[in-house]
Amino acid sequence: MTIREAAKLIGVSPATISIVLNGKEGVSDETRIKVRQELERVGYVHEPRVAKVSHSPTGNILVIKYFHNGSLVEENDGFITMIIDSPSERLRNLGYSMAMITVKEELVKALGDMDPSLYDGVVFVGTELEREDYQKLDRIKLPMVVLDNPMVGTTFNSVGIDNTECTRIAIEYCKRCGYKRIGYLRSSYDTGNFEERAKAFYRYTAEYDLKFDKRQEWRLSPTMMGAYEDAMNCLAKQKN
């Protein structure tokens, strides 16, 4: 039932009902009481209007795309794009505007040149961050989340891969398949993710009683073409 329909039933104007329901001035106390009684008699249920959520910009977020040597970020651009796309879409849906900078120079200098008054928060793509870089992020005095780096030993918020559990699952699978000996194709470039995976590999090969000879560990470039070329070189050496 609408206010107009209720007004017709009890013999008052829709404006009078609106005044009564919203507690505004304009009618006598006697009329106010009578209208409420009549609304109850005819079974009118008042549903308060819900204010619309504004989608106007609520802040500005800076996305920092960091290069240490570029081997992971530049040569795996599709992967990095996917990492950035999801939070970017979410921020836009929440009404935030975004700016992006690429940091290829010395990190401390780049952070020193940044004007924090222009932004409300930072999303830092930390794929190539190394441990010695972690403390440099203390210079960022804004709310921040680091993507694609575990940031072990820090208090920074981060979103990344569960490297330890994923490695354990892989080792457990090898054990279920009946393998007794195992080798290790490891990244030639160490980041937080790769370090976590290496520690988990050594731990779980021992726990699952798989024989691992350190001489069966080969370092490969962390890119598709680089890994292929390095693997072919490893195979050639094995044949010789």
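Predicted model: local features only at pLDDT ≥ 70, side-chain atom pairs only at ≥ 80, totals over all residues.

Trainee: How many helices and strands does the protein chain have?

Mentor: Helices (H or I, at least four residues) and strands (E, at least two) are DSSP runs, numbered from the N terminus. Counted in that way, the protein chain has nine helices and seven strands.

Trainee: What percentage of the residues of the protein chain count as buried?

Mentor: A residue is called buried under 20% relative accessible area, exposed over 50% and partly exposed in between, with a 1.4 Å probe and protein chains only. Of the 240 residues of the protein chain, the share that counts as buried is 38%.

Trainee: In what order do the strands of the open sheet lie?

Mentor: Strands of a sheet pair through backbone hydrogen bonds, either parallel or antiparallel, and two strands are taken to pair if DSSP finds at least two bridges between them. Here the pairing is parallel, and the edge strands, each pairing on one side only, are β2 (96–103) and β5 (157–159). The open sheet is formed by five strands, in the order β2-β1-β3-β4-β5.

Trainee: Which residue of β3 is the bridge partner of I64?

Mentor: Strand β1 (residues 59–66) and strand β3 (residues 121–125) pair in the parallel sense over five bridges. Within β3, V123 stands opposite V63, while the bridge partner of I64 is F124.

Trainee: And on the β4 side, which residue is the bridge partner of V122?

Mentor: β3 also pairs with strand β4 (residues 144–147), in the parallel sense and over four bridges. In β4, the bridge partner of V122 is M144.

Trainee: Why is β3 described as largely enclosed by the rest of the structure, and how many of its residues are buried?

Mentor: G121, V123 and V125 point one way from β3, V122 and F124 point the other way, and all are buried. β3 is therefore largely enclosed by the rest of the structure, the number of its buried residues being five of the five.

Trainee: Which residues form one aromatic cluster with F201 and Y202?

Mentor: Rings of Phe, Tyr and Trp (its six-membered ring) pair if their centres lie within 6.5 Å, and planes under 30 degrees apart count as stacked, over 60 as edge-to-face and the rest as tilted. A search of the whole structure finds seven aromatic pairs, one of them between F201 and Y202, which is edge-to-face at 5.9 Å centre to centre with 75 degrees between the planes. F201 counts as buried at 5% relative accessibility, whereas Y202 counts as partly exposed at 28%. The residues that form one aromatic cluster with F201 and Y202 are Y184 and F212.

Trainee: Why is the pair of Y202 and F212 called tilted?

Mentor: The ring centres of Y202 and F212 are 6.0 Å apart. The pair links distant parts of the chain, with Y202 in helix α8 (residues 192–207) and F212 in the loop between α8 and β7 (217–220), 10 residues apart. The pair is tilted because the planes stand at 35 degrees.

Trainee: Which residue lies over the face of F67?

Mentor: A charge sits over a ring if NZ of Lys or CZ of Arg is within 6 Å of the ring centre and within 35 degrees of the ring normal. At 4.9 Å from the ring centre of F67, the residue over its face is K104.

Trainee: Is M151, with its positive phi, buried or exposed?

Mentor: Most residues other than glycine have a negative phi, and most peptide bonds are trans. M151 is not a glycine, yet has a positive phi of about 50 degrees, and its place is in the loop between β4 and β5. With a relative accessible area of 2%, M151 is buried.

Trainee: And is D209 buried or exposed?

Mentor: D209 is found in the loop between α8 and β7, and its phi is near 55 degrees, a positive value in a residue other than glycine. With a relative accessible area of 60%, D209 is exposed.

Notes:
Residues numbered from 1 in each chain as written. Heavy atoms only, no water.
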